[in-house]
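The following note collects points for a colleague examining this structure. Each point is meant to be checked against the coordinates.

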Amino acid sequence: MLKMQADLVGLVQHLQSRQIDVCIEENTAKHAQLNGFSTIALDKIGEKSDLAIVMGGDGTMLSVARSLIDADVPLVGINRGRFGFLTDLRTEDMLAAIDRILAGEFTKEPRMLLATQVMRGGKVLHSNYALNDVVIKSGLRLIELEVHIDNQFVYRQRADGLILSTPTGTTAYALSSGGPILHPNLEAITLVPICPHTLSNRPIAVPSSSQIEVKLVQFDESQLSFDGQHQITLEMGDSIMIHRAAKTISLLHPTEYCYFDMLRNKLNWG
C-alpha cells in the first residue's frame, strides 16, 4: 500500500510540475488514502480528460477500458500486477516514459472489443462489452453448447465452457486453455473450448466480421462473464450473440515498445 501510495503521489506531482491538470479517480484516491488532490468519478473521466493513466495490473486496465468505451480517451498502463500484458510501463521507468509519451514519442494501438447480447424469449436480456474475452462456463458439470457462425452451424459440443476472445485476450484465459496467441493487430475472434469432452474439439479463429451465436442446450448451472469481472446467470435456451464492437480502445506505447519483446519477457521464452 505504501509503495503504491508513493508511486501515485510521485506521478501526480511530476505531472503537476509540468503544468498538467491531474485528477485521481475517486475510489483510487480513497483506497490509497490520498488527500489534497483533485478527484473524479470513473465514469466522468472521459468528459474531462485527454489521457487516462492506469496504474495497476491487467485487471485494472480491463475495468477502466470498459468504463471508458464511450469516450475517445487513450490509455497508458503502468504495471503493478504480475504479468502486465496490457500495462507495459514499469514503475521505476514511468516518469521518463510518461514524459516521452507527452512529448509525442508514442505509438497508438487500437484494440478491438467484443459486443455481446444475451437473448431470452426473443428479447435482449443483457448487453455488455469485453476487451479480453466473453466466457460461458459451468460451475458444476459439463454444459452442452451449439455454435453458429454467420447463420451456419459449426458444432454442438460438451465441455466445461467456451471462451470467445479478442486478439488482446488470447494471452489471458484463452492461452491457459490451450488457445493460440494472436497478434493484437489481427482482425479475428477465437473460440476456445474449456476442457472439451471430445478431444477433437479444438480452438478455431474466425474473421472479426463474424456474427457468432452460442445456444445453451443442456446444463445444470452456467454463467456468462465479461473479462472475468462481470457475471450474469444463464438459463436453458438462452442465446448469446457475439460480434465485433464498432468501438475500439486505444493504448499508447513508448516508441521502443515491441509486442514480441513483451511476450518473450512475460512468457519466459528463450
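**Notes on the predicted model**

1. Asp58 and its surroundings. Setting aside residues up to four places away in sequence, Asp58 touches Gly84, Phe85, Leu86 and Thr87. The model is a predicted one, and these contacts should be read accordingly. Asp58 belongs to helix 4, which spans residues 58-67. Two backbone nitrogens are reached by the Asp58 side chain: that of Phe85 at 2.9 Å, and that of Leu86, which lies 2.8 Å from a polar atom of the side chain.

2. The charge of Asp58. Which side chain of opposite charge is nearest to Asp58? It is Lys266, at 7.5 Å. A salt bridge requires a side-chain nitrogen of Lys or Arg within 4 Å of a carboxyl oxygen, so Asp58, although buried, has no salt bridge.

3. An open sheet is built from strands in the order 13-12-11-8-15-16, with antiparallel pairing. Its edges are strand 13 (204-207) and strand 16 (230-233), each of which pairs on one side only. From one strand to the next, the twist averages 15°. Within this sheet, strand 8 (residues 133-137) and strand 11 (residues 161-165) pair in the antiparallel sense over five bridges. Ile136 stands opposite Leu162 in strand 11.

4. Val118. Is Val118 buried or exposed? Its relative accessibility is 0%, and therefore Val118 counts as buried. Val118 is located in strand 6 (residues 106-120). Leaving aside neighbours within four places in sequence, its contacts include Lys123, Val124, Leu125 and His126, as well as Leu224, Ile232, Leu234, Asp238 and Ser239. For Leu224, the separation from Val118 is 106 residues in sequence, while the C-alpha atoms are 9.1 Å apart in space.

5. Positive phi angles. Gln19 is not a glycine, yet has a positive phi of about 65°. Gln19 sits in the loop between helix 1 (2-17) and strand 1 (24-25), and is exposed, with a relative accessible area of 70%. Cys195, also not a glycine, has a positive phi of about 45°. Cys195 is found in the loop between strand 12 (188-194) and strand 13, and counts as exposed because its relative accessibility is 54%.

6. Arg100 is partly exposed, at 29% relative accessibility. A further salt bridge joins the side chains of Arg120 and Glu235 (3.4 Å, N to O). Here too distant parts of the chain are linked: Arg120 is in strand 6 and Glu235 in the loop between strand 16 and strand 17, 115 residues apart. Both are partly exposed, Arg120 with a relative accessible area of 26% and Glu235 with one of 42%.

7. Glu92 is exposed, with a relative accessible area of 56%, whereas Arg90 counts as partly exposed at 48% relative accessibility.

Methods: Residues are numbered from 1 along each chain as its sequence is written. This is a predicted model: local features need pLDDT of at least 70, side-chain atom pairs count only at pLDDT 80 or more; totals for chains, interfaces and linings use all residues. Side-chain values use heavy atoms; hydrogens and water are left out. Helices (H or I, at least four residues) and strands (E, at least two) are DSSP runs, numbered from the N terminus. Buried means under 20% relative accessible area, exposed over 50%, partly exposed in between (1.4 Å probe, protein chains only). Lys and Arg count as positive and Asp and Glu as negative; His and the chain ends are not counted. A polar contact is a pair of N or O atoms within 3.5 Å; within protein, one must be able to donate a hydrogen and the other to accept it, and residues adjacent in sequence count only if both atoms are side-chain atoms. Contact means heavy atoms within 4.5 Å. Two strands pair if DSSP finds at least two bridges between them. Axes are lines fitted to C-alpha atoms, for helices over the stretch in contact, and angles run from 0 to 180 degrees between N-to-C directions.
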